[in-house]
Amino acid sequence: MNAWAEVGWGVVFGAATLMVAFNYRDVAWRIHGFMANTVGVNRLLTPAMVRFTCGVLATASIVSVVVGLARP
């Protein structure tokens, strides 16, 4: 059961971060707007940076799921 829970978590996390990476429903802009009130974050955390970071996390998560399923 633990192995399936890990696969399920990886798939859900990968799908969620892919949705942010592809800017589904302007999620990257919403994250940027929410974090813009924090001091010094406005310039660092642009919507493009949010999308890039989530794209990298999604790729790592999906690769982890695929490698985990490939192992016997």
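How many residues does H4 have, and how far does H4 reach from its first C-alpha to its last?

1. Basis of the note. This is a predicted model, in which local features need pLDDT of at least 70 and side-chain atom pairs count only at pLDDT 80 or more, while totals for chains, interfaces and linings use all residues. Residues are numbered from 1 along each chain as its sequence is written, and side-chain values use heavy atoms, with hydrogens and water left out.

2. Helix H4. H4 has 24 residues and reaches 34 Å from its first C-alpha to its last, close to the 34 Å expected at 1.5 Å a residue. The expected span is 1.5 Å times one less than the number of residues in the helix. H4 covers residues 47-70. Helices here are DSSP runs of H or I with at least four residues, numbered from the N terminus.

3. The buried side of the account of H4. Pro-47, Val-50, Cys-54, Gly-55, Ala-58, Ser-61 and Val-65 are buried in H4. Buried means under 20% relative accessible area, exposed over 50%, and partly exposed in between, with a 1.4 Å probe and protein chains only. These buried residues of H4 pack against H1 and against helix H2 (27-35).

4. Ala-58. Ala-58 belongs to helix H4 and counts as buried because its relative accessibility is 0%. Leaving aside neighbours within four places in sequence, Ala-58 is in contact (heavy atoms within 4.5 Å) with Gly-14, Thr-17 and Leu-18. Ala-58 and Gly-10 are 48 residues apart in sequence, yet 9.0 Å apart in space, C-alpha to C-alpha.

5. Nonpolar core. Val-20, Ala-21, Ala-28, Val-50 and Cys-54 form the largest nonpolar core, which has 5 residues. Helix H1 (2-21) and H4 are the elements that give two or more residues to this core. Such a core is a set of buried Ala, Val, Leu, Ile, Met, Phe, Trp, Tyr and Cys residues joined through side-chain atoms within 4.5 Å. Not counting residues up to four places away in sequence, Ala-28 touches Val-20, Asn-23, Pro-47, Val-50 and Arg-51.

6. Neither is a glycine, but Asn-23 has a positive phi of about 60 degrees and Arg-25 has a positive phi of about 55 degrees. Asn-23 counts as buried because its relative accessibility is 17%, whereas Arg-25 is exposed, with a relative accessible area of 59%.

7. His-32 is found in helix H2 and is buried, with a relative accessible area of 15%. Its contacts, leaving aside neighbours within four places in sequence, are Asn-42, Leu-45, Thr-46 and Pro-47. Gly-40 lies in the loop between H2 and helix H3 (41-44), and counts as exposed because its relative accessibility is 61%.

8. Surface patch. Leu-18, Phe-22, Ile-62 and Val-66 make a nonpolar surface patch of about 370 Å². Patches are made of residues with over 30% relative accessible area and no salt bridge; like charges are joined within 9 Å and nonpolar side chains (Val, Leu, Ile, Met, Phe, Trp, Tyr) within 5 Å. A salt bridge is a side-chain nitrogen of Lys or Arg within 4 Å of a carboxyl oxygen of Asp or Glu. Ile-62 is in helix H4 and counts as partly exposed because its relative accessibility is 36%.

Technical notes. Accessible areas come from the Shrake-Rupley method with a 1.4 Å probe; for residues, only the protein chains shown count as cover.
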